[in-house]
Amino acid sequence: MTVGFVMLAHGALQRTADVAKVLSDAGCPLIIHVDARVGEPFDRFKTRVSHLPNVSLAPRLACEWGTWALVQASRDCAETLLRQYPDVSHVYLISGTCLPIKPVPELTRFLADHPDTDFIESVTIGEVPWTKGGLSEERFTLTFPFPWRRRRKLFDLWVEAQRLVGRRRKLPDGLSPHMGSQWWCLTRATLETILNDSRRDEIDRYFKRVWIPDESYFQSLVRLYGRKVESRSLTLSKFDFQGKPHVFYNDHLALLRQTPQFFARKIWPGANQLYRAFLDGRQSVPPLARISPAHIDRTFIQASVRRTRGRPGMVMSGRFPGKDYDSALTAAPYAVFHGFSDVFRDFPRWARLNTGSRTHGHLFAKERVEYFGGQSGFAGAMSSSAALRDYDTRQFLRNLIWNTRGEHQSFLFSPRDSQEITEFLAADRNANISIVTGAWALPLLRSGRSVDEVRKEAAILQQREADFIEILSERRTRARARVWSLAEFLERPLDPLQEIVDSLSGAEQHLLAEMPELKLMVGLPDFLQALRNAGMNPHMAGEVSEDVAAQMPGVARIG
Amino acid sequence: MERRRCQIRAIRKRVELANVVDRTEAIPENSVLAFVTIRNEIKRLPFFLEYYRALGVKHFLIVDNGSSDGGDRLLAGEEDVSLWSTSASYKRSRFGTDWLNWLKFRYGGGHWTLTLDPDEFFVYPFCDTRPIQALCDWLDQSGIRSLGTMLIDLYPRGPVADLNYQPGQDPFEIANWFDAGNYMVSKNPRYGNLWIQGGPRARVYFADEPEKSPSLNKIPLVKWDRRYAYVSSTHMLLPRGLNQTYDEAGGEKMSGCLLHAKFLDTLVEKAAEEVNRREHFANGREYDAYHQRSDDPNGLWCEWSEKFIDWRQLELLGLMSKGNWA
C-alpha cells in the first residue's frame with residue numbers, strides 16, 4: 001500500500017526535479033507531465049529525473065490554463081500510474097511548484113489510516129461562493145471555445161452572446177456540478193470507477209466545453225462515485241481576490257511549518273530557504289505547534305481587504321479614491337466647534353477636560369494653523385504654515401486625522417477662517433459639527449468699533465456662515481451637524497454642551513460639572529439692533545433678549 | 001503623439017553618449033536592470049551598487065555626465081556595469097531622461113527596469129526577505145507593468161555639514177529621520193499620474209510657496225517595452241496607463257518608497273556647485289534654498305520627525321502598501 005503522485009509541471013523545472021527526487025527517495029511512484037509548451041529546459045530536466053527509480057515522464061500535451069488538456073493530462077497519468085503500480089492505493093495530484101511540507105512517511109501513515117477516503121475539495125456551486133472574481137454557475141451552462149488568457153475580448157463577447165440568447169447547456173444525467181481546488185488525493189477505487197465509467201465519452205464531451213474543467217471534473221465525479229468524500233485538499237493553496245494563487249516565500253517558513261496540510265502551493269522557485277528546510281531530510285526540525293486553518297487564512301484575507309477596501313482616510317501612491325468613493329474621507333471621527341471660541345474663553349481646554357478629545361484652536365485660521373497648545377507643528381511633522389495648509393486643505397485635514405489615529409481630534413472653526421474646507425467637512429461622515437450661528441457678532445461687539453465700521457465685515461461673516469449651513473443641509477451631506485442660533489444657545493447653554501459631550505463620549509453618561517467660562521456679552525441685544533438699524537440684519541444670531549445677556553454666568557467676573 | 005516625440009528625442013540624443021564599457025552581452029535573460037545618470041558621485045557609488053546587488057539587480061547601465069572625481073573609472077571596473085559618458089547638457093537632455101530612455105529603448109525591452117538617481121534607494125514590501133526578482137515575478141503574475149512609489153527625504157538631526165559620509169557607508173545610518181505625514185496628493189489630469197508634494201523640503205524651504213516644492217511621486221520600476229518612454233524624470237511616463245499605479249475605488253495597490261539620501265554632507269559642496277551650474281530642475285531652485293539655509297542648527301529636523309526603522313514602519317504609516325501581496 002502506497003501513495004503515488006501525478007505531477008503537472010509548467011516551469012521552474014529545477015525545483016520540480018528537486019521535489020521529484022525527494023518523492024522518489026521516499027519510495028513513491030511518480031509520473032510527471034511537463035507542459036508541451038516548455039522548450040529547451042525540458043531536456044536538462046529529463047536528464048535529471050530519468051534515472052530516478054519509480055519516476056516516469058508522461059507524453060506531453062500543451063496545457064493552456066483553464067483548458068481540458070489539464071484534466072486529460074492528469075487523468076491519463078493517473079490511469080498509467082494505477083496500471084503500472086498495483087500497490088498504489090491513493091493517487092495524489094500535485095503541481096511542479098508544490099512543496100511537501102511534511103515528511104512523506106507522515107502522509108503515507110495518514111492515508112493508511114483513511115484507506116477509503118477521497119480527499120478533494122468539492123463544493124456545490126449553488127450554495128457556496130467558492131469562485132473568486134470569475135464566472136461561477138455559468139461555467140457549466142455556457143461553452144468556452146476561446147482561451148481566456150490570450151483572447152480575452154472574444155471570450156467575453158462569446159459569454160455575452162450566450163447570455164443574450166439565454167443559452168443553458170444540458171448537464172449529463174445525474175451530474176451535479178461541484179467545484180474545488182485542483183489538487184486532490186483520490187483512492188484507487190474511486191479513480192478506477194471514474195476511468196471505467198461506461199458514460200465516460202458523454203461526460204468528457206460535456207466537460208471539454210466547461211470553463212476551467214480541472215476545478216470541476218473530478219470534483220463533480222467524486223460526488224457520483226466516491227464512497228467517502230472528505231471535502232478538503234491536503235494541499236495548502238490560497239487564492240487572492242482575483243483568483244490568482246498566493247505564492248509562498250522564505251518568510252512563510254513558520255506559517256508553513258504550522259500548517260496541517262501535507263503539501264503547499266505555490267512556492268516561489270527562488271525560495272531557497274523553504275526548499276532547503278522541507279526537502280533536505282538532514283535538516284529535521286521539530287514542527288511548530290499546529291495552528292488552525294482560520295489563523296492561516298487570516299494573513300491572506302487581510303491582504304485581500306487591504307487591496308480591495310484599503311485603509312480609509314489615507315492617500316498615497318497606491319491609493320487615491322476617486323469622485324465616486326462613498327466611504328469616510330478621513331481615518332476617524334472628529335469634532336468641529338463652529339462659533340464656540342466667540343462665546344467661551346479657552347473652549348479647547350474645557351473640551352479636552354470634558355470629552356478627552358485633543359481640541360485644537362482654529363486649524364484654518366487665516367494667518368497660521370493653531371494647533372493644540374499653540375505648537376509650531378504637529379504629529380507627522382505637519383507645518384503651521386497657512387500657505388502649505390491652503391495649498392491642499394483636504395489633504396491637510398486628512399493627514400491630521402490619519403497621523404493621530406487612536407486619539408480623537410477636535411478643532412475650532414469660524415466664518416473668519418479659511419472656508420475652503422467646508423465642502424469636505426460636509427461630505428465626510430466622520431465629521432461631527434456643532435454650530436452656534438451668529439456668534440461672530442460677539443468679537444465685533446467687543447471690538448468697540450462703531451456699527452458703521454463693522455457692518456460690512458458682519459455681512460461677509462454672516463454670508464459665509466449661511467453658505468456653510470447651506471452646504472450642510474444638502475442631501476449629499478454625510479457629516480453629522482447640530483445648529484443653534486446664538487439666542488437659542490445663550491438661553492440654556494448647558495443643554496447643548498451636554499448634548500455635545502454625550503455625542504463625543506459615546507454611551508458613557510457624564511454629567512457636566514463645569515461650564516466653560518463665558519466671554520463678555522453685555523450690550524449684545526443693543527448691538528444687534530444697531531446692526532439691524534444700519535440695514536444689516538444679523539438674522540443668524542436670533543433674538544437675544546437683554547435679560548439673557550445680562551444674566552449669563554461669568555459675566556460679572558469677566559466684566 | 002507625445003510618446004513618439006519622447007522616443008525620437010531619445011533616439012536623437014543617443015549621439016551624445018559615448019560608450020566607455022559595454023558589458024550588455026552579459027545581461028541575463030529576465031533579469032532586473034538599473035539605469036542611472038551620475039555626476040561627481042564617487043562617494044555614493046560603492047553603497048549604491050552594493051544595495052542594489054543585494055536586492056538582486058543584475059546589471060547597471062550608467063550614464064556619466066562629465067564626472068571629474070574618478071567615479072567613471074570606478075564604475076568601468078565593475079563587472080556588472082556598462083558605462084556611457086557624455087559632456088552634453090543635463091538640462092537639455094531633460095535631466096537625463098532622454099539618455100536613459102535611449103538606453104532602455106536599446107537594452108531594456110522585456111526586462112524589469114529600475115530608473116534611479118544615485119541617491120535613491122528603492123524599498124518595497126518584504127524587501128528584507130524577498131529579492132527584487134520575487135517582486136517582479138509577482139507583478140508579472142498579477143499583470144502589473146509599473147510600480148508607484150513616493151520619494152521620502154531622509155535627513156540628519158542637525159546640519160548636513162556636520163556629517164562625514166564615508167564611501168561604502170549606509171547613508172541611513174547617519175541621515176535617518178523623515179516626515180511621516182505631511183504629504184499632499186493630487187492627480188495630474190494630463191498624464192493620469194499622482195502628483196505628490198510635501199515632506200521636509202516643502203515644510204522648511206517652500207512653506208510660503210508650496211506650489212514650487214519638489215514632486216515626490218516616482219514610478220521607477222517598469223516592465224520595459226520599446227514603446228514606453230519617461231516624460232520627465234521618473235515622475236510619469238507614456239503610455240498613460242503606466243501611471244495608473246493607484247486604486248480609485250478605495251483599495252490599495254501595491255506601492256513602494258524611494259528613500260532619498262540627498263541630505264548628506266556631500267550636498268553642501270553640490271549645492272555650491274549647482275547654484276552656479278544651473279543644470280537642475282527649475283534652474284536648481286532647490287539648491288538655492290539649501291545653499292541659503294545650510295546654517296540652520298536643526299537642519300530639516302523637527303520634534304515631530306520620525307526615525308526610520310524599516311519598510312514595515314513605512315507601510316504602517318501609510319507611505320507604501322503591500323496591496324494584496326501576502
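Visitor: Which side chains meet in a salt bridge at 2.9 Å, N to O?

Guide: Please bear in mind that this is a predicted model. The partners are A:Arg311 and B:Glu252, whose side chains form a salt bridge with an N to O distance of 2.9 Å. Between chain B and chain A the count is five salt bridges.

Visitor: How many residue pairs are in polar contact across the interface of chain B and chain A?

Guide: The rule finds 30 such residue pairs, both residues being at pLDDT 80 or more. On the side of chain B that touches chain A, several elements each supply at least two residues, among them α5 (132-141), β7 (146-153) and α9 (311-316) of chain B. The residues of that side divide into 25 nonpolar, 19 polar and 13 charged.

Visitor: What area is buried between chain B and chain A?

Guide: The general idea comes first: the size of an interface is often given as the accessible area lost when the parts come together. In this case the area buried between chain B and chain A is about 4,100 Å², and carbon and sulfur atoms give 54% of it. Of the area that chain B buries against chain A, 19% is supplied by B:Glu252, B:Trp304 and B:Asn324, more than by any other three residues. In terms of contacts, 57 residues of chain B meet 50 residues of chain A.

Visitor: Let us turn to a helix. Which residues of helix α8 of chain A are buried?

Guide: In helix α8 (residues 200-207) of chain A, the buried residues are A:Arg200, A:Ile203, A:Asp204, A:Tyr206 and A:Phe207. They line one face of the helix, because they fall within an arc of 160° when seen down the axis of α8(A). A:Asp201 and A:Arg205, on the other side of α8(A), are exposed. The cover over the buried residues includes α3 (68-84), α5 (138-141), α7 (188-195) and α9 (217-225) of chain A.

Visitor: Is B:Asn217 buried or exposed?

Guide: B:Asn217 counts as buried because its relative accessible area is 4%, and buried means under 20%. This residue lies in strand β11 (residues 217-223) of chain B.

Visitor: Which backbone nitrogen does the side chain of B:Asn217 reach?

Guide: The side chain of B:Asn217 reaches the backbone nitrogen of B:Ile196 at 3.1 Å. Leaving aside residues up to four places away in sequence, B:Asn217 touches several residues, including B:Thr149, B:Trp195 and B:His235.

Definitions and conventions
Residues numbered from 1 in each chain as written. Chains lettered and ligands numbered in written order. Predicted model: local features only at pLDDT ≥ 70, side-chain atom pairs only at ≥ 80, totals over all residues. Heavy atoms only, no water. Helix = DSSP H or I, 4+ residues; strand = E, 2+ residues; numbered from the N terminus. Buried < 20%, exposed > 50% of the residue type's maximum accessible area, 1.4 Å probe, protein only. Polar contact = N/O pair within 3.5 Å; in protein donor to acceptor, adjacent residues only side chain to side chain. Contact = heavy atoms within 4.5 Å. Arc of directions from axis to C-beta. Buried area = accessible area lost by both parts, 1.4 Å probe. Salt bridge = Lys/Arg side-chain N within 4 Å of Asp/Glu carboxyl O. Nonpolar A, V, L, I, M, F, W, Y, C, P; charged D, E, K, R; others polar.
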